[in-house]
Amino acid sequence: MNRCLELRGAHAWYGRAHVLQGVDLHVAPGEIVALLGRNGAGRSTLARAVMGLVERRGRYLWCGQDIGALRTFEIARRGIGYVPESRDVFPGMTVEQNLVLGQKAARPGRWTRAEVYRLFPPLARRAGVQAQYLSGGEQQMLALGRTLMGDPALMLVDEPAEGLAPQVVAQLAACLAELRRQGMAILLIEQKLDFALDIADRAYVLGHGAVVFAGTPAALRADVPVRREWIEL
Ligand SMILES: Nc1ncnc2c1ncn2[C@@H]1O[C@H](COP(=O)(O)OP(=O)(O)OP(=O)(O)O)[C@@H](O)[C@H]1O
Ligand SMILES: [Mg+2]
C-alpha cells in the first residue's frame, strides 16, 4: 500500500518524560485516520513529534523518506500541515490576512483564498473581520484554511471539534470529507468518538503512549473492552 506517513517504533520525550513509547502507525493518501485516546494518552505529542516540535527517536517516514532529523519548516514544506489544538489564528489580523500568512513564500500552491472560501463559506462572509471576533467554529475553519494555504498533502488536525456545537461539528465533518474526496490525507486527533468514527476510514487508539487498538471504525465500535478501558470515561 502507498503510505504517505509511516511511524515505526516512534518515541518522543519532553525532557525526561518519555511520552511516545514505540508507536507504529501509518496514513495513506486520501485517507482519514482517527487517533483516539484519553486525556494525556500522547495524541498531541504524536502530532508534535511528526512536526519535529519535540525530541523524537525511531522512524518517522514521509513518502518513504526519513523526516526524523528535519526541522519543522522543512517538514511543512514537504507537505505536512499541522492544525494544533490551540488553533493559533492571529487574533488581531483579519481572516484574509491570516490566510495570506498561511501561504508559503516560496511557491504559490494549489490552494487559493477563493478555494478556501468555497470550502468554508462562513469564512467568505467574514473575510474582513479580525480573527478574534470569529466564533469557535469559524476560528477552526480559519485554522484549517490557513494550513491548506501551505498546500499540504497530509494534515494533522488536533481536536478540531472541541467546544463546537453539534451543528458546527457536522459542518466540519462535511468539510473534512470533501478534503478527502480531493485526495487529502488527514490524521484526525479527537475525543468526540462518534464524530471521528463517522468519517474515519481507520482508527488508532493510544494508551500511555502506545497503540492499544488499530482497525476499522466498525471494529472499534464493537470492541467494548477497548472503548471502556482506553476511551470512554
Ligand atoms: N510541554 C510538556 N512538557 C512536559 N510534559 C508534557 C508536555 N505536554 C504534554 N506533556 C505530557 O505528555 C503526556 C501526553 O500529553 P498529550 O498532550 O500528548 O496528550 P493528549 O493525548 O493530546 O491528551 P489531551 O489533549 O486530552 O491532553 C501527558 O502526560 C502530558 O502531561
Ligand atoms: Mg491533545
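**Ligand 1 and a helix pair**

Helix 1 (residues 43–50) gives the largest share of the shell around ligand 1, four residues. The model is predicted.

Visitor: Which residues are closest to ligand 1, and how many surround it?
Guide: 14 residues surround ligand 1. The closest are Asn39, Gly40, Ser44, Thr45 and Glu85.

Visitor: Which part of Arg43 lies 2.8 Å from an oxygen atom of ligand 1?
Guide: A backbone N or O atom of Arg43. With Thr45, the atom belongs to the side chain, and the distance is 2.5 Å.

Visitor: How much of ligand 1 does the protein cover?
Guide: On its own, ligand 1 has 630 Å² of accessible area, and the protein covers 60% of that.

Visitor: What is the shell made of, by class?
Guide: Three nonpolar, six polar and five charged residues.

Visitor: How do you know that helix 3 meets helix 6?
Guide: Contact needs heavy atoms within 4.5 Å. Val95, Asn98, Leu99 and Gly102 in helix 3 meet Leu142, Gly145 and Arg146 in helix 6. By class, that contact has three nonpolar, three polar and one charged residues.

Visitor: What is the packing angle, and is the crossing left-handed or right-handed?
Guide: Helix 3 (residues 95–102) and helix 6 (residues 136–148) pack at about 35°, with axes 7 Å apart. The crossing is right-handed.

Technical notes. Residues numbered from 1 in each chain as written. Chains lettered and ligands numbered in written order. Predicted model: local features only at pLDDT ≥ 70, side-chain atom pairs only at ≥ 80, totals over all residues. Heavy atoms only, no water. Axes fitted to C-alpha atoms, helices over the stretch in contact; angles between N-to-C directions. Helix = DSSP H or I, 4+ residues; strand = E, 2+ residues; numbered from the N terminus. Left-handed = near helix turned anticlockwise from the far one by under 90°. Nonpolar A, V, L, I, M, F, W, Y, C, P; charged D, E, K, R; others polar. Near = heavy atom within 4 Å. Polar contact = N/O pair within 3.5 Å; in protein donor to acceptor, adjacent residues only side chain to side chain. Areas by Shrake-Rupley, 256 points an atom, 1.4 Å probe, with all protein chains shown as cover.
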